[in-house]
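I start with the surface and then go through the ring contacts.

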Amino acid sequence: MSFTLRRTVNKRIMATEIEAWTTGPQNDGVFSVEQEQDEEDGSFGSEDLNELEVNGNWTPQEKALHEARLKAKAKRRLRKSSSRDSNRESFSDSVSGELSADPNSPKGKNAVNDRKSRTGKGRGLPKKGGAGGKGVWGAAGMVYEVEEPDAKDPNYDEFASGDTVYATVVPELDERELEKTINPIVQEYFEHGDTKEVEMLLKELNLGHHKFEFSSLAVSLSLEGKASHRELTSRLLSDLSGKVLSEKDMSRAFDKMLKELPDLILDTPEAPQMLGQFIARAIADHALPMSFLDCYKGKVDCDHARAALDRASVLLSMKREMMRLDNVWGVGGGQRPVRHLIKEMNLLLKEYLVSGELTEAEHCLRDLEVPHFHHELVYEAVVMVLESTGDTALQMMVKLLKAFWQTGLITLDQMNRGFQRVYDELPEINLDVPHAQSIMETFVDLCYQESVITKQLRDSCPTRMIYNFRMIFSFSRFVRRERAALMRGSNW
């Protein structure tokens, strides 16, 4: 009876275990460590199975349990034959993770992105000791050695394989861009007169083999300008000599100018004489070599070039002319002494009274380049009229002032200042010229009729003021006499 009860209990236990195998997660015959230890110990119902084999009574559940145990035993043997180090653990973890881990869980994601080997080989360490992979430049603490230049590198230079030097490369100006670049520089220099600024601008340009053309362009522009421009150009060439321009560049520039004289004469008829003065001044300033003129003796066929060279030779051969060539263009504008300007204006007026040429007088006044000192010309013209005899000088001076007024050469302010100076000095002038007041009144009336001066300036004339005062005094005296006669008549 007890045997039958024991058999029944064993059957129920086996049924419960088989149900757990069939209903639990299918791990493809993989068991836990506790089950493996139980199976290895042989305490998992071994007596019951042996008893069932002896009797030969197999149920379907018992048969399935027996097959499961055989599969587990075979897999145990396979694992024992493999490596007994960490490979066994990584393999079992990967297999269990692939079968039981949820891919949506964070743990499953970490297992997918794990850098350990999934083939069961290796020790699970990072590749290349942590020095490989995307965005990795090497292992921590690694120091790279200096790489030697590669001769197969396209940028390899065997002569300059040392330190790399970066420099700004300025392209060389061609003939078209040269004139467009240099003309504004020279025109601005005529305004400010600073040679150092021009030197700085030229050093920033890459003139190349066209460097000599700067001198020729500057001289050509000054020929079309004023005497002060030519003086500034001579100073510029002297200051740039040896710094930016060499004697060879100067020689090439003036040689080019001598060849272009037939074309320059069309715009500037006096170009040969001016170019000769430029050459003489350049030689005196040591910008050109002394042997420059000797190179052309007997080798010049152009008459204009010969005239320019003769002019330079004459200026250099005159005694002590080398010292006086600094003023070959004269002193421009306000740099001249006041006495010199007064003398030039007196000479201008005297030549005009002799020749009567208005255009020549206007040209000489413009060459003086002193528009702020034109009131002196007006003053000297009026004084000449007061000191002259006859009406010829009076009529010619009125005509001259009218021409200067109409062309705008003499402004209203300069005209008023000139007449006002004469008004202030008229008492002193009257001591030397007794009829100065009457002549002044006549001259002022004519100038007002020709619209040279304003009505206000005419009325401020001292002689006219005296005349008006006398008229007012005589009229008031007449009124008093008439009033006295009427009073006597009424009393009488």
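This is a predicted model: local features need pLDDT of at least 70, side-chain atom pairs count only at pLDDT 80 or more; totals for chains, interfaces and linings use all residues.

I place Tyr 144 in the loop between helix 6 (106–112) and helix 7 (175–192). With Trp 137 and Met 142, Tyr 144 makes a nonpolar surface patch of about 460 Å².

Next entry: ring pairs. I searched the whole structure and noted four aromatic pairs. One of them joins Tyr 189 and Phe 190, with ring centres 6.2 Å apart and planes at 45°, so I log this pair as tilted. Tyr 189 is buried at a relative accessible area of 1%. Phe 190, at 9% relative accessibility, also counts as buried.

I then turned to Phe 419 and Phe 443, whose ring centres are 6.1 Å apart. Their planes meet at 20°, which is under 30 degrees, so the pair is stacked. Phe 419 belongs to helix 20 (residues 412–432) and Phe 443 to helix 21 (residues 436–449), so the pair ties together parts 24 residues apart in sequence. I find both Phe 419 and Phe 443 buried. Ring pairs also bring in Tyr 423, giving a cluster of Phe 419, Tyr 423 and Phe 443.

Last entry: charges over rings. I find Arg 252 over the face of Phe 212, 3.9 Å from the ring centre. Arg 458 lies over the face of Tyr 448, at 4.4 Å from the ring centre.

Methods. Residues are numbered from 1 along each chain as its sequence is written. Side-chain values use heavy atoms; hydrogens and water are left out. Patches are made of residues with over 30% relative accessible area and no salt bridge: like charges are joined within 9 Å, nonpolar side chains (Val, Leu, Ile, Met, Phe, Trp, Tyr) within 5 Å. Accessible areas come from the Shrake-Rupley method with a 1.4 Å probe; for residues, only the protein chains shown count as cover. A salt bridge is a side-chain nitrogen of Lys or Arg within 4 Å of a carboxyl oxygen of Asp or Glu. Helices (H or I, at least four residues) and strands (E, at least two) are DSSP runs, numbered from the N terminus. Rings of Phe, Tyr and Trp (its six-membered ring) pair if their centres lie within 6.5 Å; planes under 30 degrees apart count as stacked, over 60 as edge-to-face and the rest as tilted. Buried means under 20% relative accessible area, exposed over 50%, partly exposed in between (1.4 Å probe, protein chains only). A charge sits over a ring if NZ of Lys or CZ of Arg is within 6 Å of the ring centre and within 35 degrees of the ring normal.
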